[in-house]
Amino acid sequence: MIEECGVFGIIGTNDAATLTALGLHALQHRGQEAAGIASYDGKHFHNERFMGLVSDNFSDAATLNGLPGNGAIGHTRYSTQGETVLRNVQPLYADLDRTGIAIAHNGNLTNSKTLRADLVRRGCIFQSTSDSEIFLQLTARSQYISVTDKLIEGLKQVEGAYALTVLTPEGLIGARDPVGIRPLILGDLDGAPILASETCALDIIGATFVRDINPGEVVVCRADGTIESRQVFPKKEHARPCIFELIYFAKPDSVVDGQSVYELRKRLGEQLALEAPCEADLVSPIPDSGVPAAIGFAQHTGLPYEMALIRSHFIGRTFIEPEQRIREAGVARKHSPNRSLIEGKRVVLIDDSIVRGTTSRKIGEMLRKAGAKEVHMRIACPPIIHPDFYGINTPSHAELLAVNRTVDEMRELINVDSLAFLSLDGLYKAFRKGKRDDAAPAFTDHCFTGDYPTKLTDRDAEARDAMITQLSFLAETS
């Protein structure tokens, strides 16, 4: 799986753009294709968007000085809908009637194609292929006077997952989807309100965590530090945040629901050791995603925790991989075996998940060639048998390794001596939620269960009508 997106916003401070750049730097793990910052100086909006990393584009004074104002929002992107081209990089900006709006969106709408087709038929002109532009179009068409009211009217027409930071002359607006799939938190820096995807973005600038934005809530943060809360959608008894935020996406030093992500992932490893112990000489993570779970597994079993694989953090981006052998070489560029450690040893590899299985197979082969006597694999979540539609770039149903295969068939395909997954109840137990309540699950866990918490309008329309959607005739190279 590949990261989603990260959003950040702050208002009521003179160095808003600089603080936003720092916040985005802490959220870089959520998206590494592009980044952007929009600011408002009381008269004009300013917007800078670039391909590449935050540090490559927002570390010089000239760029940051070109983003004046006491309010700013930022976005770091991995695309789940729409090409990786500059016109899709956020924040997206639009002129409205006598005002303006800039918006940054984490998540994915499940009725965006349907809405887009309807809007195009009504004469709307789209400038991007991102589903995030739907928010701008719906807001622009609203007849309300207040930008906040315009936005809320648009929110009532969309389905799926979203966490929004929106910059307007009325203030900094935050919105979270009614189910609470995507995360959004409220922070404070010396009286300046902050919105962010994770608490790690607060830590980097010395801000304090205030609370989570509730599912279905819209907050309006103003420069004087006041915050207006509007519960736009009925408050649910149980939020259902995406379980992969805890398993994979959130940074280990973040805090979610009052609990350390690092400690949560360690408990996954401990529970995995209870359910699927293994006779071996050492335990190793597949870095970096499997590290906390591997520590928990090793501590519970008493096996030595070692690094059988060394990860390179300097491989850069691979733009063209036309041949299978070159694509496969990408695994070796990212991970290399620690030969002197693993030769003649029985190794237990711990990872957070298996999607297609391609990387797992290559890593198993790599360790065998490096002299490992046995290679065992333990996965700190259940098998993924359903695709995601909420902002995670999982492959199609047919491409998922676990679909229509037993654990032993998967083991043979990835060529390891043993394979085991954490059970669904074990996953919930590790997160201290008890056994999964099928009537009111604590998480959005559709990848394991097929229990999607929202309508899937676009998917259902495609299945029913073979819906053809027009995205764009414009070809771009950057």
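Visitor: What should I know before I start?
Guide: This is a predicted model, where local features need pLDDT of at least 70, side-chain atom pairs count only at pLDDT 80 or more, and totals for chains, interfaces and linings use all residues. Residues are numbered from 1 along each chain as its sequence is written, and side-chain values use heavy atoms, with hydrogens and water left out.

Visitor: OK, helix H10. Which residues are buried there?
Guide: H10 covers residues 291-301, and its buried residues are Pro 292, Ala 293, Ala 294, Ile 295, Gly 296, Phe 297 and Ala 298. Buried means under 20% relative accessible area, exposed over 50% and partly exposed in between, with a 1.4 Å probe and protein chains only. Helices (H or I, at least four residues) and strands (E, at least two) are DSSP runs, numbered from the N terminus.

Visitor: What do the buried residues of H10 pack against?
Guide: Helix H9 (261-275), plus strands S16 (282-285), S19 (346-351) and S20 (374-379). Contact here is heavy atoms within 4.5 Å.

Visitor: And what follows H10?
Guide: Gly 302, with a positive phi near 85°.

Visitor: Switching to aromatics. How many pairs?
Guide: The count comes to 10 aromatic pairs. Rings of Phe, Tyr and Trp (its six-membered ring) pair if their centres lie within 6.5 Å; planes under 30 degrees apart are stacked, over 60 edge-to-face, and the rest tilted.

Visitor: Why is the pair of Phe 45 and Tyr 93 tilted?
Guide: Their planes are at 50°, so the pair counts as tilted, and the ring centres are 5.1 Å apart. The pair links distant parts of the chain, 48 residues apart: Phe 45 is in strand S3 (residues 45-51) and Tyr 93 in strand S5 (residues 92-96).

Visitor: Is Phe 45 buried or exposed?
Guide: Buried, at 18% relative accessible area, while Tyr 93 is partly exposed at 33%. Those two also form one aromatic cluster with Tyr 40.

Visitor: What about Phe 389 and Tyr 452?
Guide: That pair is tilted too, 5.6 Å centre to centre with 55° between the planes. Phe 389 sits in the loop between S20 and helix H14 (407-414), and Tyr 452, 63 residues apart from it, in the loop between helix H16 (446-449) and helix H17 (457-465). Phe 389 is partly exposed at 24%, and Tyr 452 is buried at 16%.

Visitor: Which residue lies over the face of Tyr 452?
Guide: Arg 459, at 5.7 Å from the ring centre. The cut-offs are NZ of Lys or CZ of Arg within 6 Å of the ring centre and within 35 degrees of the ring normal. Likewise, the charged end of Arg 116 sits over the ring of Phe 126, 4.2 Å from its centre.

Visitor: What lines the second largest cavity?
Guide: Ile 247, Arg 265, Leu 268, Ser 289, Pro 292, Ala 293, Asp 352 and Ala 380. H9 and H10 each supply at least two of the lining residues, and the space is about 40 Å³.

Notes:
On a 1 Å grid over the protein atoms alone, a cavity is a set of points where a 1.4 Å probe fits but cannot get out, and a pocket is an open set with protein on both sides within 12 Å along at least five of seven lines; lining residues have an atom within 4 Å of a point. Grid points are joined across faces, edges and corners, and a volume is the space filled by probe spheres set on the points.
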